Amino acid sequence: MPRRRAGAVIPEMFRQMLEKPSTQAYPYKQVKLPERFRGKLDIDPERCTGCAVCSLVCPASVITMVDTGTRIVGDRELKVRRPVFDLSTCIFCGECVDNCAFKALELTKQFEIATPNKSDLFMNKALSK
Amino acid sequence: MIEQTGNAVRKEESAGLMKYSAENLVPFGPIHPALKEPEYFKLVLEGERIVEVIPRIGYVHRGLEKTAESRPWVQNMYMFERTCGICSFVHSLTYGQAVEGLTIYEIPRRAKFIRTIIAELERIHSHLLWVGLMGHWTGFETLFMWVWRDREVVLDLVEAISGNRVHKSMNAFCGVRRDMPEGMEDRIVERMKFLVDRANYYKQIVDTEETMLERTEGVGRISPDTAEKLCAVGPMARYVGLKHDIRLNDPYAAYEEVPFDIVTRKEGDAHALLKLRLDELIVSANMISYAVKHLPSGPIRIKIPPIIPAGEHSSHSEAPRGEIFYYVKSSGGRTPDRVKSRQPTLANLPTALEMLKGQTLADIPVVLTAIDPCFGCMDRMSFVDIESNKKWTWSGEQLRQYGISKYFPERSKKQARTHSQPGQEVTSTKLCYKEEGF
């Protein structure tokens, strides 16, 4: 059994005083994010076909499909739908991105999304197309 | 005095607890909005000693199991991952394994190895967090700061592999969603070596440093028979010498292929738990190094249809805190018929109550931290001195300060802060409880 004493950590404390600080000067200095970081969701409206797979797999009810008009295919009239996103409930799991066959969705590295205005997190980019 | 505690006495009557007089009851808990696992302990004291503990649980019943019945299989994976903020991966892993049991697909070997690596990283992160908290509640802040700094090493690795520090979202049915990043092997092995060095140093510190020994040695002592009788799981079973580890008893993921030693101790007190968890951390770090070096090639995932065949299946696995159990039942639809999950804190609660008996009020933080629960119950303690009819309230921080001042009086004089009653001696049968919001 080793000797019992108070202040056993003091030598290590002096050694660590000479080391660099463990913290970073955020927000004055930009933090380095890893390659796979999962941040705010983004959509490329050009690529979206309105297939609605993303809205079926989303566990947090972020994605709602909205009718934007109709289109004629052959002799049939089909509805055109596009997703709108309420990012305030997004849990950043990336399931929608994995399931998008047309690579329209991606998780960006943007993480500073706190806002006093909830409507800032409402994304309807896909409707504009 | 009767007026003040009249309601309390009536409540105890209704709970069939008349054998204890109201003077000796101290409520402990239940709600603190900032933390996630509020529990309410009714403590029966004789002077400073705890003679009986009556728990009341269920304050954060979120209805996860019922919600699961109305959501598709894959959505439930992410919901169950959010059962816990520390051992999130192992919940989705166990739920995933239970669902995979209903399908005919074989899980790729590489996916099994990646699951093992992430699960062990999570174990290291959870154990480090616990050692830090143990330092905090015993008044050893230096250890707390150092350990939580070293924990960043694990969190950085988890973030680099999965993209998030806490909720990894790595699991999919029959595989994992992300492969290991290229060129990570050397970095992981090097970081694990660093953690093993640090864990060895902390083991030496907890063995020699007086603060730690004074507060943990002989605290929360329990016999192996009692632990076995009360069905303790995980570290709570291993610290009295029971060889209870699902990784060994019923291997899942790649635990059959990755060699490891089960760590047990015999002392059965809070100090043994500290050393046990640090030893387990070293074992986990070695397992990760081995798994990364022997990572097989091949696919990481098999895509399965969203409809799961009818049947029922259960799965269990070893979370950092003990055994996690999931049961699923399917009638061949898009949503489960029934999901049941059992978490280790519930299984360890009877053991914790047994540990609390015979301890002093000042040891409650240490004993309750020892089972590794969430600590929402600490705040909101009211004290009434019956003789002088004086009332005061202690927060968790003040209770911690009281614990430190009891064991190290000279230190607390220098550090005394935020004490509503600094140095107040709580002597025999002067405690009773004031009803406040229950």
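Two residues are in contact if their C-beta atoms, placed from the backbone, lie within 7 Å. This is a predicted model, in which local features need pLDDT of at least 70, side-chain atom pairs count only at pLDDT 80 or more, and totals for chains, interfaces and linings use all residues. Residues are numbered from 1 along each chain as its sequence is written, and chains are lettered from A and ligands numbered from 1 in the order in which they are written. Helices (H or I, at least four residues) and strands (E, at least two) are DSSP runs, numbered from the N terminus.

**Contact between the chains**
- Chain A brings 22 residues to the contact and chain B brings 21 residues.
- On chain B, at least two residues each come from helix 3 (73-81), helix 6 (141-162), helix 7 (185-208) and helix 8 (210-216).
- Helix 6 of chain B gives the most to this side, with 5 residues.

**Helix 7 of chain B**
- Helix 7 of chain B has 24 residues and spans 35 Å from first to last C-alpha, close to the 34 Å expected at 1.5 Å times one less than the number of residues.
- Its buried residues (20 or more other C-beta atoms within 10 Å of their own, C-beta atoms being placed from the backbone) include B:Ile188, B:Leu195 and B:Tyr202.
- Among the elements covering these buried residues are helix 5 (109-138), helix 6, helix 8 and helix 12 (270-293) of chain B.

**Sheet in chain A**
- Three strands form an open sheet in the order 2-3-5, with antiparallel pairing (strands pair if DSSP finds at least two bridges between them).
- Strand 2 (63-73) and strand 5 (122-123) of chain A are the edge strands.
- Strand 2 and strand 3 (residues 76-86) of chain A pair over 10 bridges.
- A:Thr70 lies opposite A:Lys79 of strand 3 of chain A.

Note on methods
Buried ≥ 20, exposed ≤ 12 C-beta atoms within 10 Å, placed from the backbone.
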